[in-house]
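Trainee: Could you take me through this structure and show me, for each term you use, how the value meets the definition?

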Amino acid sequence: MAETRKGAITLKGNPLDLVGPELKAGDKAPDDFTLIGTDMAPVTGKDLAGKARILCAVPSLDTPVCDVEMKRFNEEAANLNLEVIAVSVDLPFAQKRWCGATGSDKIKTLSDWKFKTFGAAYGVEAPTFGLLARAVFVIGADDVVRHVEYVPEIGQEPNYGAALEAAKAL
């Protein structure tokens, strides 16, 4: 059973537990998970391996902070030589609709709704919340984590500068 990190983050100031390891820079990126793409096809961690990427775990694209965050990463993706992926438990249909409605065409959205294996693998599963916590992982083509930010308060945006600096250094 995956470890539980008590009070690892907050939601409106209230502590929330997270399930899974607290990843750190230098760790090997977990690949034991399966997500669903907007085409309803499974995408495994092994499918993402070997590619430089930014993985953004977000609670829901249909919330104001997630919307702002992922639109920002969509804009930045044009200047990066890597894939930017948003992972949430939103249904793939909702993810596809959000991308179309916001013109977000430079990021990829993947859903943890069906298998719920990404959250525990990356330490962002918030079981009492029922969604993923907000976090950003920058991973090199060698599958080594280069930057991690578990955003301490779910309602706050991540430190874009730190994530983008790490991404540009790949």
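Mentor: In strand S7, the bridge partner of Gly 37 is Leu 110. This is a predicted model, in which local features need pLDDT of at least 70 and side-chain atom pairs count only at pLDDT 80 or more, while totals for chains, interfaces and linings use all residues. Residues are numbered from 1 along each chain as its sequence is written, and side-chain values use heavy atoms, with hydrogens and water left out.

Trainee: What makes S3 and S7 a pair of strands?

Mentor: Strands are DSSP runs of E with at least two residues, and helices are runs of H or I with at least four, numbered from the N terminus. Two strands pair if DSSP finds at least two bridges between them. Two bridges join S3 to S7 (residues 107-111), and these strands run antiparallel, so the pair meets the definition.

Trainee: How many bridges join S3 to S4?

Mentor: Three bridges join S3 (residues 34-37) to S4 (residues 42-44), again in an antiparallel arrangement, and Thr 34 has Thr 44 as its bridge partner in S4. These two strands form a hairpin with four residues between them, and Met 40 in the turn has a positive phi of about 70°.

Trainee: Why is Lys 12 called exposed?

Mentor: Exposed means over 50% relative accessible area, buried means under 20%, and partly exposed lies in between (1.4 Å probe, protein chains only). Lys 12 has a relative accessible area of 75%, and is therefore exposed. Lys 12 is found in the loop between S1 (4-11) and S2, and its phi, near 55°, is positive although the residue is not glycine.

Trainee: Why is Lys 116 called partly exposed?

Mentor: Its relative accessible area is 49%, so Lys 116 is partly exposed. Lys 116 lies in the loop between S7 and H4, and has a positive phi of about 50° without being a glycine.

Trainee: How do you know that Glu 153 has no salt bridge?

Mentor: A salt bridge needs a side-chain nitrogen of Lys or Arg within 4 Å of a carboxyl oxygen of Asp or Glu; Lys and Arg count as positive and Asp and Glu as negative, with His and the chain ends not counted. For Glu 153, which is buried, the nearest side chain of opposite charge is Lys 12, 8.0 Å away.

Trainee: Which backbone nitrogen does the side chain of Glu 153 reach?

Mentor: The side chain of Glu 153 reaches the backbone nitrogen of Gly 13 at 3.1 Å. Glu 153 itself is placed in the loop between S11 (145-150) and H5 (160-168).

Notes: Polar contact = N/O pair within 3.5 Å; in protein donor to acceptor, adjacent residues only side chain to side chain.
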